[in-house]
Amino acid sequence: MSKAKKAASGIVWFEIPADDTKRAQAFYKKLFGWKVNPLPHMAEYFHLDTGGADASPDGAIMKRMHPAHTITQYVSVPSVDKFTTKIEKLGGSICKPKTGVPGMGYFAICNDTENNTFAIWEMNPKVK
């Protein structure tokens, strides 16, 4: 009898930083035909509907926070707390600790051992 395999963590969201968010919106609309819409209550943060199947991740265009700010991939995890501990144990670091997004979930921004930035995401609609 074989044990059931644990589901792999997949990419669920991405963020594209931009110095000029209007210019970036026009670029991705024209390049890929993605739909761009502002997210309520989030200044300079625009939802990108990639138009793929339900399993395809959508993303956002956001105002660049610092000169080295690059595209960030969000990976789904069952627990941000457990995975931030695991990241540090494996030699990575936490750039932005666990942060709640009301009605959606929690995220943390991290660096791997090669100084690449990525984020982890825990779905939890009960976050206030």
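Tutor: Before we start, two strands count as paired if DSSP finds at least two bridges between them. The model here is a predicted one.

Student: OK. Which residue in S5 is the bridge partner of Trp13?

Tutor: Tyr74 is the partner of Trp13. The strands involved are S1, residues 11–18, and S5, residues 72–76, which pair in the antiparallel sense over four bridges.

Student: How many bridges join S1 to S4?

Tutor: Six, and S1 and S4, residues 58–63, run parallel. One of the residues involved is Phe14, whose bridge partner in S4 is Gly59.

Student: And what does S5 have with S8, parallel or antiparallel?

Tutor: Parallel: three bridges join S5 to S8, residues 117–123. Ser76 stands opposite Trp121 of S8.

Student: What is the order of the strands in the sheet?

Tutor: The order is S2-S3-S4-S1-S5-S8-S7-S6, an open sheet of eight strands with mixed pairing.

Student: Why is one side of S2 and of S6 left without a neighbour?

Tutor: Strands S2 (35–38) and S6 (93–101) are at the edges and each has a single partner strand, so one side of each has no neighbour in the sheet. On average, neighbouring strands are turned by 25 degrees against each other, direction ignored.

Student: Switching to helices. Which strands does H1 lie across?

Tutor: H1, residues 21–32, lies across S1, S2, S3 (45–49) and S4, and runs at about 150 degrees to S4.

Student: And H2, where does that lie?

Tutor: H2, residues 80–89, lies across S6, S7 (105–111) and S8, at about 155 degrees to S8.

Technical notes: Residues are numbered from 1 along each chain as its sequence is written. This is a predicted model: local features need pLDDT of at least 70, side-chain atom pairs count only at pLDDT 80 or more; totals for chains, interfaces and linings use all residues. Side-chain values use heavy atoms; hydrogens and water are left out. Helices (H or I, at least four residues) and strands (E, at least two) are DSSP runs, numbered from the N terminus. Axes are lines fitted to C-alpha atoms, for helices over the stretch in contact, and angles run from 0 to 180 degrees between N-to-C directions. Contact means heavy atoms within 4.5 Å.
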